[in-house]
Amino acid sequence: MSRRRFLGASIATTIAPAMSGLSQSVGLERKRGMNLVPTKPCDAPNYWCTWAVQNYMYGHGLRTLDATLLEGDAGAQLARAAMTEDNVLGVGGWAKEFYRKVRGDLFLLLDDGWESGGMATFELATAKFPSFTGDATERLRGLNRAVKEAGWRSAALWCRNTPEGDRGGHLETLSNDAGIRYWKIDIGDPNFELVQLRDRMRLPLRLEHVHGESAVNGNWHKDGRFGSQPWASRRMVILRNTDVYRTYDVTSILSLPTTLDRLAAMLKGAEGHAEVKALLNVEDEVYVAAAMGCTMGVMRHPLTGLRPGDDADLFFNGSRQAKRRLDEVVRAVRWQRIAAPFSPGIGAVAIDDEVLTDSWRFAKGQSWESELIGAEVRQGAPARMARGMALPEVKAKGERPFVFAARFPNGALAVAAQERTRVGEAWYMPECEVTLPVEDAPGPYGVFGNFKSLTMVFDQPLHGKRVLAQDLAGDEAMDITGDVQVRGKVLHLSGEVMRKVGLRSATPGDLSAPGLVIAFA
């Protein structure tokens, strides 16, 4: 059998009748008053982080801009300078304008630049945030109150080094007095003293730790693989001692394979270790987070066209145009109201033996890592992976997309297909037909990305069931029973139907891939 065809003979025999007679017309029936997405915000520790937009603020209104100024320490200093009260909370500020629909689900995480006197004082910089007065606790409390009044879940904070002096006092100030519930520790706390202290003090504070990585994996001149992570590795030590493990920085154009390979290694390393309670954070790969049961550190934002020339942005560039894919964030976050992220120690993990390798030649202004500029960079990741279920089966002519799926502890199930990148052609979607072994998972079912078709195979006949579907960005379900094929244990959906439903509530001009939820009635 060709490696480009994963359709097993037994399942192929089962689904063949479902393919015949599929209606080509798509006339969807609205189910007035029925909303498949809960209105209550999710409890997952997801956040929108300010760092990418901080890095885009310098250069507005200039006639020319040398993109090398944005790289390295010089670029980081410009980004820190952009962390101001006016930018965050002023009229038209980030907190006031971004992600209105899911702010209540997200922490607003203030990244590097919010502190006075370095990276370990944990005192809000009064020169940058002049409206917040009083002692250190009062200033943080005021900041958090303003963030919540803007509709966000609450403020969250970044640090590079852990607090100096009285650590217990700092933690109590952050969590109890100021109401801060999430703390992004970027490299610091190597011995997890803050975790132990937090636990002893019984404070309602989540802590995120990282290992620290290059923006690309492995030997990027060759296969660009992250490498396996045995239980005794440092990354696994961090995972089993923290609340959230972030997979760390990536390039904009090769973000997906870099993140998928890191995720696969971390999932496999934690497999069978039920004692792991932490969650994996895959940063801005929001459809990976949604479909694979991870948290997200969203960084994309809507600001574009404000810099001269080619509008250089080291964090979001290339044909993917992530800053015009904000609906994906909404859909991913709202899916997690249905299916919450879960620990990598729960359930089995299936990783495909076949590796797909993406590549790109980085131009100036496409990465903050200068060694990548002008070089062809390769990043490999498994073609398929799955949590708590068998691998999806993929059939395609020629290249295939990355396909991944998960069964969640509450019985929900999600699948995603995402784009590929090669030199000269970034973010293209190979046409694919995917078969999903649902078995006895009761749903609901999340579907993310573009498919030629999706065939869901259950363990029991589906006779008499109504099929409902809804754009995860919307608030009204559709009855699609007449636009799908149900034969025995098989439900077959065309790409046309999934796109029509999954983009029904799209924001005008948004480029996001579809994201929908399916349920039976």
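Let me begin with burial: a residue is called buried under 20% relative accessible area, exposed over 50%, and partly exposed in between, with a 1.4 Å probe and protein chains only. This is a predicted model, in which local features need pLDDT of at least 70 and side-chain atom pairs count only at pLDDT 80 or more, while totals for chains, interfaces and linings use all residues. Residues are numbered from 1 along each chain as its sequence is written, and side-chain values use heavy atoms, with hydrogens and water left out.

In terms of pLDDT, the predictor's confidence in each residue from 0 to 100, the protein chain has a mean of 92, and 95% of its residues reach 70 or more. Residues 1-25, however, have pLDDT below 50, and beyond near neighbours in sequence this stretch has 49 contacts in the model, a contact being heavy atoms within 4.5 Å.

Turning to helix H7, residues 167-177, its buried residues are Gly168, Leu171, Thr173, Leu174 and Ser175; helices (H or I, at least four residues) and strands (E, at least two) are DSSP runs, numbered from the N terminus. Their cover includes helix H6 (136-149), strand S4 (154-159), strand S5 (182-185) and helix H8 (193-201). After H7 comes Gly179, with a positive phi near 80°.

Finally, how many disulfides are found in the whole structure? The search gives 0, where a disulfide would be a pair of cysteine sulfur atoms within 2.5 Å. For Cys49, the closest cysteine sulfur, in Cys159, is 13 Å away, which is too far for a bond; Cys49 is also buried, at 0% relative accessible area.
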